[in-house]
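Dear colleague,

I am passing on the structure below for your own work. My notes on it follow directly after.

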Amino acid sequence: MEQLVTVLVVGILLGGIYGLVSIGLNLIFGVVRIVNFAQGELVMFGMYGSYYASTYLHLSPYLSVFLVAPLVGVLGMLIQRLVIQPLTSEANMQIFATFGLLMFFQNLMLAVSRGEAYSVASTSSDGALAIGDLKLSTARLVTFAASTLITVGLHFFLSRTLMGKSIRAVTQDKRAARAMGINVERTFLITFGIGAALAGMAGALLTPIYSITPAVGGNFILAAFAVVVLGGLGSVWGAYIGGLIVGVVEAFAGYYIDPSLRSAVWFVIFLVVLIVRPAGLLGQVGAEEVGFREQH
Amino acid sequence: MSSDQAMLRVDKVGKQFGGLRAVDDVSLSVRKGEIVSIIGPNGAGKTTFFNLLTGQLAPSEGEVRFDDRSINALPPHARARLGMGRTFQIAKPLIALNVLENVMIGAFMQAGALSAARDQAMAVLERVGMAHLAPRRAGELTLSERRRLEVARALALQPQIVLLDEVMAGLNQSEVAHEIELLQELHAQGLTFLIIEHNLKVVRAFSDRVVVLDRGRLIAEGTADEILSSPVVIEAYLGAGHMGSGRELPASVTNEG
Amino acid sequence: MNSTEDIMRVRATASTRTRPVPAGPAPRRDVIASAGSAWGKYLVGMAIAFAPFVLLIDDSHWINIIAVTYLMGGLAAAWNIIGGFGGQFSLGHGVFFAIGAYMTGGLFISFGWSPWLTMLPIAVLAGGVAMLLSWPTFRLRGPFFAIATLAFNEVAFVLANHLESLTGGPRGMMIPFKVGFVNMIFRERWQYALLMFCFAALVIGISVWLRRSRLGYYLLAVREDEDAARAAGINVLAVKLQGMALSAGLTSIGGTLFTMYLRYIDPPTLFTLPDVGVKFALLSLIGGIGTIAGPLLGAALVIPFENWLRAELADSLPGVSLAILGLVMVLAALFMKRGVMGAFEDLMKRRRGAKERGQR
């Protein structure tokens with residue numbers, strides 16, 4: 001029983017990480033309707049940014065968020081404007097372009113860092129909180145809390161602010177939104193910026209937990225796809241809940257089946273959801289629009 | 001007029017989308033060699049109805065019968081193989097291919113090999129007067145040429161019935177006359193037609209029977225003259241305020257949208 | 001609504017066009033290249049592709065690169081069948097590559113079975129697996145289809161690491177150096193290069209045949225417009241599955257050759273996307289997606305260049321070759337979607353158009 005609870009808690013905390021990493025991807029996916037293969041690299045940039053901020057500016061990772069997130073956000077907007085926007089409605093070329101960005105960013109950092117792995121020590125890295133018999137890593141708890149707060153924050157942003165409402169309008173019906181006078185290109189730009197900033201934020205918050213290598217983005221992007229598809233596109237809470245589910249399933253699979261099969265879990269989830277219920281758990285976006293054709 | 005002779009028979013077909021009844025209890029028969037036109041205001045469900053016939057959509061209720069067999073379960077490509085050709089409201093030329101190859105795509109259904117398909121496609125292009133355009137990239141065609149290409153591709157299937165979805169939309173008067181001439185020739189050669197049309201001049205020139213859809217329901221059926229002076233139909237198009245004028249619908253109720 | 005935009009756009013095109021071309025005698029013969037011309041071009045092209053082999057046969061450094069170029073060209077051409085002709089961007093062809101690689105290697109090591117004999121049955125198996133995996137995933141739209149294929153690649157990677165008894169797991173599989181034609185193990189590098197050339201010639205030859213067959217035309221129709229394809233009596237799913245099976249089978253054969261060439265395979269070698277699954281697509285993109293010559297041309301442009309980069313800069317700047325490839329991919333997607341062959345075709349068309357205008 002104790003094992004069960006431990007695994008569950010580990011899973012939940014892991015789910016918090018996944019939710020954090022996926023929330024930006026979900027936003028971009030749901031609004032701009034593109035698959036941003038390079039999203040994991042944006043997380044990676046967040047991590048490296050946090051490392052440099054820590055090394056040269058002596059900022060703690062949690063403070064570096066305020067510096068790193070906007071920078072990655074700007075990068076996101078550049079990507080949207082220069083790469084994605086020219087390829088509107090060319091889905092296949094978008095795949096090439098974002099995958100090319102993935103390769104470029106990843107290997108750029110590899111060349112810059114000469115393959116060295118970095119890590120950022122922080123007061124929370126080794127700290128742990130004891131609850132009963134459970135020892136919970138402080139860093140992961142902070143991340144979980146951050147993930148929850150960010151989700152709540154994004155929810156309010158989307159429902160209460162004017163920009164947020166524009167984003168939701170564009171998510172639901174691009175043409176209608178344009179007809180109502182919403183500048184769709186600008187909305188895409190801002191959405192990508194926010195999605196990228198969220199990725200950068202996630203990276204910065206994760207530096208106490210993971211070691212920083214150029215390939216680290218690859219770990220996250222795959223899980224993030226599973227989370228986003230499971231949670232349902234366009235739904236902020238979908239990403240959060242999807243993250244929790246993926247985290248818990250992965251923890252259980254790793255513990256009870258085989259640790260080396262953990263990453264397979266992401267894909268099995270992804271494939272099963274897409275085939276059985278493509279709209280995901282809480283999807284706002286219509287299934288046919290996004291990923292699924294009506295079959296005869 | 002016995003229904004045994006109907007090539008295409010639609011029995012009480014309906015389509016529900018969530019809360020919306022796009023097509024409601026529509027029944028229709030098309031006999032071999034007939035030209036039946038479907039008219040109706042925007043949003044009446046005409047294209048949805050077509051999609052139910054061609055298999056793009058599955059009906060919520062009712063049955064579609066072709067050559068006296070139910071085809072409800074057949075997917076679109078199987079219906080094409082049975083002899084149902086169709087064109088699309090927005091023309092869909094295969095832009096990376098040239099005109100001849102576009103028609104060959106249809107011809108391959110009957111011919112297995114390249115040379116046979118090419119010859120059959122060329123014959124179809126001659127039939128519609130587009131043989132000189134054979135090498136042209138489909139993406140470079142004018143609107144009327146694209147429309148005609150759609151028809152050619154459907155003809156290459158050697159169909160029994162051709163379903164045309166607003167094939168005249170966007171064409172100018174001389175282009176329309178040109179198209180009507182072609183369709184009349186094809187009809188004289190024995191082809192059956194079921195067409196959706198907004199251009200009432202076309203309907204008058206090229207219909208045996210006219211059927212009117214409004215808000216998913218079939219509200220009137222008759223000859224072109226009967227329909228175009230029917231108050232019920234005028235009301236559907238222009239709204240209740242114009243009832244009782246006894247006038248006909250203006251001949252150019254064309255839809256630009 | 002869609003139709004307004006469509007009509008406005010086509011009207012704009014129509015208004016810039018002069019009167020339609022006066023109908024002269026219909027040019028029947030050359031609208032579609034005759035069989036003679038198509039195969040003639042193939043023979044000439046393959047002869048040109050063979051030239052580097054002949055010229056550099058004694059250069060041990062270059063002959064290796066040439067061998068890999070031919071192999072990758074063949075693999076890219078195999079991908080091109082479903083990705084280029086069919087328009088289905090699979091990023092998971094590494095799975096079929098690995099099936100060919102692992103099964104050939106395993107059967108050779110365990111039973112001594114000649115790769116020449118096992119190659120074809122394995123390819124058929126790979127085709128079957130491809131159909132099985134694609135059947136539920138072809139319903140998915142472009143990017144989602146790509147992610148699903150990526151997912152298959154990653155699952156296969158995990159399985160390859162896990163099923164140690166079959167694949168050797170992370171340690172990999174080593175083929176003993178038992179020279180012999182029957183074993184498909186050669187002493188000289190040039191013999192491998194010749195083998196790879198034959199592979200490329202085979203796949204490209206199949207592409208030429210396919211492009212002139214009903215299946216080929218159906219694949220193109222499915223790529224251009226699925227609804228129009230259905231209305232033309234095409235069973236879209238069946239066509240996609242057939243294209244995928246053919247593509248997968250040929251890819252698997254490439255995997256077989258790769259194993260016997262390198263004689264060492266492990267999961268990272270077979271499944272790393274930028275080196276394998278995505279590389280096939282990348283080479284086709286650069287050379288010209290959907291063309292016949294594109295994939296081999298892309299390989300010829302990229303592989304030697306990549307080799308040079310790695311040799312010069314790997315120590316000082318690790319990853320630089322992939323970074324550049326990534327950048328090239330982005331730029332190609334933005335500015336040269338139809339690749340080098342596409343740019344070439346555009347040039348030819350413009351010159352033909354100028355000639356026509358000159359004649360009038």
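In strand 10 of chain B, B:E221 is the bridge partner of B:V211. Please bear in mind throughout that this is a predicted model.

B:V211 belongs to strand 9 of chain B, where B:I38 stands opposite it. Strand 9 (residues 209-214) of chain B is joined by four bridges to strand 3 (residues 35-39) of chain B, and these two strands run parallel. Strands 9 and 10 of chain B form a hairpin with two residues between them. In that turn, B:R215 has a positive phi of about 50°.

Turning to the contact between chains, 34 residues of chain C are in contact with 39 residues of chain A. On the side of chain C that touches chain A, at least two residues each come from helix 6 (142-162), helix 13 (277-287) and helix 15 (320-335) of chain C. Helix 6 of chain C provides the largest share, 12 residues. By class, this side of chain C has 25 nonpolar, five polar and four charged residues.

Finally, helix 8 (residues 184-206) of chain A has 23 residues, which should span 33 Å at 1.5 Å a residue; its end C-alpha atoms are 33 Å apart, in agreement with that expectation. Of the 23 residues of helix 8 of chain A, 18 are buried, so this helix is largely enclosed by the rest of the structure.

With kind regards

Conventions. Residues are numbered from 1 along each chain as its sequence is written. Chains are lettered from A and ligands numbered from 1 in the order in which they are written. This is a predicted model: local features need pLDDT of at least 70, side-chain atom pairs count only at pLDDT 80 or more; totals for chains, interfaces and linings use all residues. Two strands pair if DSSP finds at least two bridges between them. Two residues are in contact if their C-beta atoms, placed from the backbone, lie within 7 Å. Ala, Val, Leu, Ile, Met, Phe, Trp, Tyr, Cys and Pro count as nonpolar, Asp, Glu, Lys and Arg as charged, and the others, Gly among them, as polar. The expected span of a helix is 1.5 Å times one less than its number of residues. A residue is buried if 20 or more other C-beta atoms lie within 10 Å of its own, exposed if 12 or fewer, and partly exposed in between; C-beta atoms are placed from the backbone.
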